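Hello,

Here is the structure I promised to pass on to you. Please open it beside this email, and my notes follow below it.

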Amino acid sequence: MAEANNSDMEPNPKPQVIYRCKKCRRIVAAEETIVPHNRGKGESCFKWRKRDGDKMDKPVECTSIFVEPMKWMEALEEGHVEERLHCIGCKARLGYFNWAGMQCNCGAWVTPAFQLHKSRLDECQL
């Protein structure tokens, strides 16, 4: 009888994505803490002052990720309703939070919102 190869029985695990502070490389979020949201209707969802007529038809990629509240978010422990989110290691500004919610640049409304800007993070796979 031939031996069963364990690698054939177990599916290949999907690589986990983690997000690190660009400045100090501290891990600030992981794939399982991301709060997904459905893409909004784009700029038509924004106030007229925030609209750019040239980009109305083009779908935009979200420039932020929304995550669950985490222990490193010091402003939460202080009892703020909305505040900036700073890296606990280097104090770099990573994003904002608001318990009442925030609008993503794709037009979707996320409530509550713990928003981290992708431009301030490095995305790594384990």
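Below is what I found, starting with the whole chain and then turning to two residues.

Please keep in mind that this is a predicted model.

The overall picture first. The chain contains two helices and nine strands, and their order along the sequence is α-β-β-β-α-β-β-β-β-β-β. Of its 126 residues, 33% are buried. The exposed surface comes to about 8,900 Å², with carbon and sulfur atoms supplying 50% of that area. If you look at contacts between residues at least 6 apart in sequence, 55% of them join residues at least 24 apart.

You will find Lys 23 in the loop that runs between β1 (17-21) and β2 (27-30). Its relative accessibility is 63%, so it counts as exposed, the cut-off being over 50%. Even so, once neighbours within four places in sequence are set aside, Lys 23 is in contact with Cys 90 and Ala 92. Arg 120 is 97 residues away from Lys 23 in sequence, yet their C-alpha atoms are 7.9 Å apart in space.

The other spot I would point you to is Glu 77. This residue belongs to helix α2, which spans residues 74-77. Glu 77 counts as exposed because its relative accessibility is 66%. Together with Glu 78, Glu 82 and Glu 83, Glu 77 forms a negative surface patch.

Methods:
Residues are numbered from 1 along each chain as its sequence is written. This is a predicted model: local features need pLDDT of at least 70, side-chain atom pairs count only at pLDDT 80 or more; totals for chains, interfaces and linings use all residues. Side-chain values use heavy atoms; hydrogens and water are left out. Patches are made of residues with over 30% relative accessible area and no salt bridge: like charges are joined within 9 Å, nonpolar side chains (Val, Leu, Ile, Met, Phe, Trp, Tyr) within 5 Å. Accessible areas come from the Shrake-Rupley method with a 1.4 Å probe; for residues, only the protein chains shown count as cover. A salt bridge is a side-chain nitrogen of Lys or Arg within 4 Å of a carboxyl oxygen of Asp or Glu. Lys and Arg count as positive and Asp and Glu as negative; His and the chain ends are not counted. The place of a charge is taken as NZ of Lys, CZ of Arg, CG of Asp or CD of Glu. Helices (H or I, at least four residues) and strands (E, at least two) are DSSP runs, numbered from the N terminus. Buried means under 20% relative accessible area, exposed over 50%, partly exposed in between (1.4 Å probe, protein chains only). Contact means heavy atoms within 4.5 Å.
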